[in-house]
Amino acid sequence: MSVQSCLVLVIAGTAVLMDFLMEKVINSFICLGLLAGFVTCLQEEGIRGIPVYTAGVLIPCVLLLPLFYFRMLGAGDIKVFAVLGGLTGSHGILSIMFGSFLLGAVLSLAFLISCGNLKERISYFFHYFYKYFVTHQVQSYIQKGQKAENFHFTVPILLSVMLYAGGFY
């Protein structure tokens, strides 16, 4: 297993633990991950790898900004994607992000069906956007606290990273 694969697995796994224990991913951990990605990039690619590293870090920040704006995805999740992007580059992070959202959708759907509140959550989703378009005020989509509908998105990120590290994509 490559150093890159080990690092992405450790980062994603640690992010899940932090998310479950503290409901956030600590910024010092993110900084350490960004530094590890930069050093790894320089060791493997030299100075030519800096644009690849930079693109990998910036792509999640730019693409996921709308979800953060509407408070549908936390800043910690985006920062974890940025760290992973620095390690994997643009192609790798796009694969991981696609896999994460696909796995997140499947897990969320299964969770909502098993809890019996799928119809309620779909109604909440449409009502949220209706309120935004009427009032033009952004309110948090995620409800604070240990609510049944709150979903730790670091879990599908980890699952997607496991598939990536395992060579599935």
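**Figure 1. Surroundings of Ile 50 in the predicted model.** Beyond the neighbours within four places in sequence, Ile 50 is in contact with Phe 38, Cys 41 and Leu 42. The model shown here and in the following views is a predicted one. Ile 50 belongs to helix α3, which covers residues 50-63. With a relative accessible area of 26%, Ile 50 is partly exposed, because a residue counts as buried under 20% and as exposed over 50%. A separation across the model may also be noted: Ser 95 is 45 residues from Ile 50 in sequence, and the two C-alpha atoms are 20 Å apart in space.

Figure 2. Helix α7 comprises residues 154-165, and Thr 154 lies in it. Is Thr 154 buried or exposed? The relative accessible area of Thr 154 is 1%, so this residue is buried, the limit for a buried residue being under 20%. Residues up to four places away in sequence being left out of the count, Thr 154 touches Ala 15, Val 16, Asp 19 and Asp 77.

Figure 3. Gln 4 is found in helix α1, made up of residues 3-22. Its relative accessible area is 19%, and Gln 4 is therefore buried, since the category takes in values under 20%. Which residues does Gln 4 touch, not counting those up to four places away in sequence? They are Leu 87, Thr 88 and Tyr 164.

**Figure 4. Ser 123 in helix α6 and its separation from Ser 2.** The helix that holds Ser 123 is α6, formed by residues 118-135. Ser 123 has a relative accessibility of 46% and so counts as partly exposed. Along the chain, Ser 123 and Ser 2 are 121 residues apart, and their C-alpha atoms are separated by 45 Å.

**Figure 5. The cysteines Cys 31 and Cys 61.** How many disulfides does the structure hold? The number is 0. Cys 31 takes part in no disulfide, and the nearest cysteine sulfur to that of Cys 31 belongs to Cys 61, 12 Å away. Cys 61 is likewise in no disulfide, its nearest cysteine sulfur being that of Cys 31, at 12 Å.

**Figure 6. The whole protein as context for the close-up views.** The secondary structure comes to 7 helices and 0 strands, and from the N terminus on the elements run α-α-α-α-α-α-α. The protein is as compact as a globular protein of its length, because its radius of gyration of 17 Å is close to the 15 Å that the globule rule gives for 169 residues. The C-alpha trace spans about 50 × 35 × 30 Å along its principal axes. Of the 169 residues, 38% are buried. Contacts between residues at least 6 apart in sequence join residues at least 24 apart in 68% of cases.

Figure 7. The protein exposes about 9800 Å², of which carbon and sulfur atoms supply 71%.

Notes: Residues are numbered from 1 along each chain as its sequence is written. This is a predicted model: local features need pLDDT of at least 70, side-chain atom pairs count only at pLDDT 80 or more; totals for chains, interfaces and linings use all residues. Side-chain values use heavy atoms; hydrogens and water are left out. A disulfide is a pair of cysteine sulfur atoms within 2.5 Å. Helices (H or I, at least four residues) and strands (E, at least two) are DSSP runs, numbered from the N terminus. Buried means under 20% relative accessible area, exposed over 50%, partly exposed in between (1.4 Å probe, protein chains only). Contact means heavy atoms within 4.5 Å. The radius of gyration is taken over C-alpha atoms; the globule rule is 2.2 Å times the number of residues to the power 0.38. Accessible areas come from the Shrake-Rupley method with a 1.4 Å probe; for residues, only the protein chains shown count as cover.
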